[in-house]
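Morning, everyone. I'll keep this short. Have a look at the structure first, and then I'll walk you through it.

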Amino acid sequence: VFTLERREEVQEKLLEVGIELIKEKGIRKMTISEVTAKAGIGKGTFYHFYEAKEFYVWDVIRYSKNELKETVNEAVKKNGGLDRKTLKEIVERFSC
């Protein structure tokens, strides 16, 4: 059983790892074994969070979309818009 704080940490780590592995390998070639190894957790822990790979992938996509939105909003708020450098960094971060 996880504390709420630990659960959030593990889930965020899983989502970040998902983004990395999808970029690297694609959805089909990414395995749960790779996800758990890179996240430093066991498979049982993974399945505590996600019933199947498909649910995990949907959560990674949702997380990535929300992160992109927040990143763009922060850049616009901070700089009054998106300069080329910031836009390039955002595209590199979120492109698959």
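Start with Glu24, which is exposed because its relative accessible area is 55%. On the terms: buried is under 20% relative accessible area, exposed is over 50%, and partly exposed lies in between, with a 1.4 Å probe and protein chains only. Before going on, note that this is a predicted model, where local features need pLDDT of at least 70, side-chain atom pairs count only at pLDDT 80 or more, and totals for chains, interfaces and linings use all residues. Residues are numbered from 1 along each chain as its sequence is written, and side-chain values use heavy atoms, with hydrogens and water left out.

Back to Glu24. Which residue does Glu24 meet in a salt bridge? Lys38, at 3.5 Å, N to O. That pair links distant parts of the chain: Lys38 sits in helix α2 (residues 32–39), Glu24 in helix α1, and they are 14 residues apart. Helices here are DSSP runs of H or I, at least four residues, and strands are runs of E, at least two, numbered from the N terminus. A salt bridge means a side-chain nitrogen of Lys or Arg within 4 Å of a carboxyl oxygen of Asp or Glu. In general, side chains of opposite charge can pair when their charged atoms come close. Lys38 is partly exposed, at 37% relative accessible area.

How many salt bridges does the structure hold? Six. Another joins Lys25 and Glu34, with the closest N and O atoms 2.6 Å apart. Lys25 is partly exposed at 34%, and Glu34 is partly exposed at 24%. Then there is Glu9 with Arg6, at 3.4 Å, N to O. Both lie in helix α1 (residues 4–25), three residues apart, about one turn of the helix. Glu9 has a relative accessible area of 39%, so it counts as partly exposed. Arg6 is partly exposed too, at 38%.

Now to α2. Its buried residues are Ile32, Val35, Thr36 and Ala39. Why are they on the same side of α2? Because they cover an arc of only 90° around the axis. The arc is taken from the directions from the helix axis to the C-beta atoms. Their cover includes α1, α3 (43–49) and α4. Just after α2, Gly40 takes a positive phi of about 75°.

Take Tyr56: leaving aside neighbours within four places in sequence, its contacts include Leu14, Met30 and Phe46. Contact means heavy atoms within 4.5 Å.

Ser64 is in helix α4 (residues 53–79). Is Ser64 buried or exposed? Buried, because its relative accessible area is 18%. Beyond neighbours within four places in sequence, Ser64 is in contact with Ile19 and Phe94.

Last, Val91, in helix α5 (residues 84–94). At 48% relative accessibility, Val91 is partly exposed. That's my tour; over to you.
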